[in-house]
Amino acid sequence: MTTFEVQAAATRLCAACGMCCNGVLFYSVRLQPADSARDLRTLGLKVKRRSGEPHVLQPCPAHQQTRCTIYEQRPERCRVFECRQLKALAAGEITEAEALAAIQEARRLVDRVRDLFREVGETRERKAFSTRYETLFNEPIDPSPGAASLRGKLTLAMRDLEELLARNFRIEPVASLPPARE
């Protein structure tokens, strides 16, 4: 594939996926020195401090209908991020069809987890999956057999999703980016 063909395929795959923006892959995105927290807040992003460093919380409000509405102004980490699927595609290790199949499998598991969130009464769609999941195991916990069964199903579904994300989408932290400062 030519560079242009890889970029075009990556654009199609990102539009089919969106998990790096919708709170499935990440809880937050750490800002970098070139990022202006003030400008990002003006654009509607939720910038919070975690361990003294500014982060944009996920799901990103700029991710709407599979597109980034602030693409030209997006944070540095968003600009440089490539999931394992995109890296494998660029390296010629997989085809676009294979990457799309992995995305579809992940989305099936995401839908399963979302359905279970609704069943257990966790309806905060504007929170990252990890936050929503952890909340269900904080006190007070509903001890009823039905609630316990649903939490068990959710735990298994979350485990399956996390394993697939680790295997097919997440990458090691980018060491070349310096720590963030505001």
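The model is predicted, so local features need pLDDT of at least 70 and side-chain atom pairs count only at pLDDT 80 or more, while totals for chains, interfaces and linings use all residues. Residues are numbered from 1 along each chain as its sequence is written, and side-chain values use heavy atoms, with hydrogens and water left out. Helices (H or I, at least four residues) and strands (E, at least two) are DSSP runs, numbered from the N terminus.

**Helix α1**

- Helix α1 covers residues 3–17, and its 15 residues should span 21 Å at 1.5 Å a residue; the expected span is 1.5 Å times one less than the number of residues. The end C-alpha atoms are 21 Å apart, which agrees.
- Which residues of α1 are buried? They are Val6, Ala9, Ala10, Leu13, Ala15 and Cys17, where buried means under 20% relative accessible area, exposed over 50% and partly exposed in between (1.4 Å probe, protein chains only).
- As a reminder, an α-helix has 3.6 residues a turn, so residues three or four places apart point the same way.
- The cover over the buried residues of α1 includes β5 (67–68), α4 (84–90) and α5 (96–119), with contact meaning heavy atoms within 4.5 Å.
- Thr3 also lies in α1, but counts as exposed because its relative accessibility is 57%.
- After α1 comes Gly18, which has a positive phi, near 75°.

**The open sheet**

- Three strands make up an open sheet in the order β1-β3-β2, and their pairing is antiparallel. Two strands pair if DSSP finds at least two bridges between them.
- The edge strands, each pairing on one side only, are β1 (28–30) and β2 (47–50).
- Neighbouring strands here are turned by 40° against each other on average, direction ignored; the axes are lines fitted to C-alpha atoms, for helices over the stretch in contact, and angles run from 0 to 180 degrees between N-to-C directions.
- Four bridges join β2 to β3 (residues 53–57) in the antiparallel sense. Arg50 has Glu53 of β3 as its bridge partner.

**Cysteines**

- How many disulfides does the structure hold? It holds zero, by the rule that a disulfide is a pair of cysteine sulfur atoms within 2.5 Å.
- Cys21 is in no disulfide, and the nearest cysteine sulfur, in Cys20, is 3.8 Å away. At 21% relative accessibility, Cys21 counts as partly exposed.
- For Cys78, the closest cysteine sulfur is that of Cys21 at 6.1 Å, too far for a bond. Cys78 is partly exposed, with a relative accessible area of 33%.

**Aromatic pairs**

- The count comes to three aromatic pairs. Rings of Phe, Tyr and Trp (its six-membered ring) pair if their centres lie within 6.5 Å; planes under 30 degrees apart count as stacked, over 60 as edge-to-face and the rest as tilted.
- Phe26 and Phe81 are edge-to-face, because their ring centres are 5.4 Å apart and their planes stand at 85°. Phe26 sits in the loop between α1 and β1, and Phe81 in the loop between α3 (76–80) and α4, so this pair ties together parts that are 55 residues apart in sequence.
- Phe26 counts as partly exposed at 25% relative accessibility, and so does Phe81 at 21%.
- Tyr133 and Phe137 form a tilted pair, because their centres are 5.0 Å apart with planes at 55°. Phe137 is partly exposed, at 32% relative accessibility.
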